[in-house]
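I opened my notebook to look up a few things about this structure, one topic at a time. Come along and check each entry with me.

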Amino acid sequence: MYIDSTRHTDADPKPRTHSGRWSTAAALGIGWGLLMSIGSGTPTYSWVLRTVLVVGLATLAFGVAERWPPTLPRWMARWVIQLLAVVLAIPVAAFFGYSLTTSWPFWAQSQRLQGFGIVTFLAILVGPWIALGSMVRQREALARHQALAFDLERSELERQALDARMRLLQAQVQPHFLFNTLANVRALVNSGSPTAPVLLDSLIAYLRAAVPRLGEPATTIGQEVRLVEAYLEIMQMRMPDRLRYTIAVQPDAMHQRCPPMTLLSLVENAVRHGIDPSEEGGRIDLKIGIDNGHCRIVVADTGIGLRLGKGDGVVGTGLATLRERLRLTFGGRAALRLMADESGGARAEVDPPLDSTAAGSVA
Amino acid sequence: MKASPTAIIADDEPLLRSDLASALGRLWPELTVVSQARNGRAAIDAFERHLPDVCFLDVHMPGVSGIDAARAIGRRAQVVFVTAFDQYAVEAFTQGALDYLVKPVEAVRLQATVHRLRERLASAAPSTDLAGLLDQLETRLQRRITTPPTLRWLRASIGDKVRMIPVDEIDYLRSDHKYTRIAWRDDGGQPGEALIGMSLREVIEQFDATQFVQIHRSVIVNLASVSHVVRRANEMADVHLKGRPEILPVSRTYLHLFRQM
């Protein structure tokens, strides 16, 4: 988690493959040395020393050029520096290799000079290719790592979307709400009241509007409003002394699309956390309009407000999943704002951006 | 020999109150429902006024709940709780051997409850000591309605307005005497400041410790808002934030948190 910004500033971090690199270099050096010593008068160990030195120093130069200098001008690619380092290191290493294994100055003897030339030539011929191969493999590993990270992030987002849908399903078929409402219907039926069928109709409208949401990714404001109307009708019949409501929707907002249950979540939250806990109840006002490229949704209530009972602090409300759903659908463009209302209650606002592909305009 | 037993019914939904009263009228004709209350407070008032033998209390009521009312009533009457479909409540009631009815109330169940109550009143058996059970009951019901700890809101004042700030929009928190300053992103992504009347110590207890980390005696930062950390001399460090110019100090005590590589 710790990133020291004073060190290297290259765009991509290079995974360190030290052990692999050096063992390969060692094997190459020794193998080459053994090969060169075949049919040569010079003892094997001399050859091996020279070749190991050449390969070793070239690998070292490659590694050093990987990290130093730390910042390069934009037009200079690091791989060029690394190749140059390898090419420069080879003759230097060969020079040292020969100096250590023969009498000095080794270039006086034509055979040694020839050998030096051959070693240097061969190394410069093959070395850069090996270096390039190593760099290509590094890049590929990095690309694979990034692809994996993207996959992981995408599947994580998919999982979050799925989770949000699951919770939506659970919220739609709340047994608590259902059984309570049915109890009220039954009470009306028992007493032979003429409002029994009215309540039943509202419940049917609610279920009909809520349940089909199971598969859809979006609905229209119009459908949402019908759902909310059914809900508020039910709640008002259940607690007539404690709930009043108004719904004001601009006609051209009716066809706008929005995530399912958006309005219902807001209204339910207002009822459950604002109106219901209040002994005297209150009023809920739903307003939907269009303004400046956005659909403006406001749900205000005159309930108990954002009281926690202990003053300021952290509060968990029922709008958690709505925020997530809005984020998944609109990114950051349709935030949910929750604040105190002048009436002492609470006010929730959502501004989803207008859907340019909305079918039809005015109802 | 008790002449005519009395009862009160408490429920915030008027239709359900009168429905239960009618049902009792059919199944227990000798019982007189002396009062119907619309919330816990009214229930307690009605109880003190009439001192009935039985109280039917809806669990979920505004202000004073059915459980609070039952506490106030204590052992002075037989209490029957009424609840909508709620597996947790039902579990709690069964565990505590409390009388309860589930809405919509079925005639058969009500009949059984009435039978039990009649027996108890006739034998003048003392009512269950609810005190301890009620505490348990309340904790169980509270557990059901806790929201997931990850997505939460912080209630804060911005100027003269009160706003709910989603916790993941908070960049960092800084203590200011007995208050705490919140640095957050508003819906336009613009940095803003808010104030809450809680000390930093009280606030940090409520936050998710894996996302919000204390880096200094008076600063808590949201790890998601951290751009990078620069080590300084003297075992200190600076935290740089994404999209904000402020630099937050990391004190020696907390430096170890940033050493995981």
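Entry 1: I began with A:R337, which is buried at a relative accessible area of 13% (buried means under 20% relative accessible area, exposed over 50%, partly exposed in between, with a 1.4 Å probe and protein chains only).

**Before going on.** I noted that this is a predicted model, where local features need pLDDT of at least 70, side-chain atom pairs count only at pLDDT 80 or more, and totals for chains, interfaces and linings use all residues. Residues are numbered from 1 along each chain as its sequence is written, chains are lettered from A and ligands numbered from 1 in the order in which they are written, and side-chain values use heavy atoms, with hydrogens and water left out.

**Entry 2: salt bridges.** Which residue does A:R337 meet in a salt bridge? I found A:E349, at 2.7 Å from N to O (a salt bridge is a side-chain nitrogen of Lys or Arg within 4 Å of a carboxyl oxygen of Asp or Glu). A:R337 is in strand 7 (residues 336–340) of chain A and A:E349 in strand 8 (residues 346–350) of chain A, 12 residues apart. I read helices (H or I, at least four residues) and strands (E, at least two) as DSSP runs, numbered from the N terminus. A:E349 is buried too, with a relative accessible area of 12%. A:E349 also forms a salt bridge with A:R347, where the closest N and O atoms are 3.0 Å apart. A:R347 is partly exposed at 24%. Salt bridges that share partners join A:R337, A:R347 and A:E349 into one network with A:D291, A:R296, A:D341 and A:D351.

I then looked for the total, and the count comes to 32 salt bridges over all chains. One of them is between B:D168 and A:R323, at 3.4 Å from N to O. This pair joins two chains, because B:D168 lies in the loop between strand 7 (161–166) and strand 8 of chain B, and A:R323 in helix 9 (residues 320–330) of chain A. B:D168 is partly exposed at 31% relative accessibility, whereas A:R323 is buried at 15%.

**Entry 3: strand 8 of chain B.** I followed strand 8 (residues 170–176) of chain B to its antiparallel partner, strand 9 (residues 179–185) of chain B, and six bridges join them (two strands pair if DSSP finds at least two bridges between them). B:S175 stands opposite B:T180 in strand 9 of chain B. The two strands form a hairpin with two residues between them, and B:H177 in the turn has a positive phi of about 55°. Strand 8 of chain B also runs antiparallel to strand 12 (residues 219–222) of chain B, with three bridges. There, B:Y172 has B:V221 as its bridge partner.

**Entry 4: an open sheet.** In what order do the three strands of the open sheet in chain B come? I wrote down 13-14-15, with antiparallel pairing. The edge strands, strand 13 (226–232) and strand 15 (247–250) of chain B, each pair on one side only. Strand 13 of chain B pairs with strand 14 (residues 236–241) of chain B over six bridges, and B:V226 stands opposite B:L241.

Entry 5: A:C295 is buried, with a relative accessible area of 2%.
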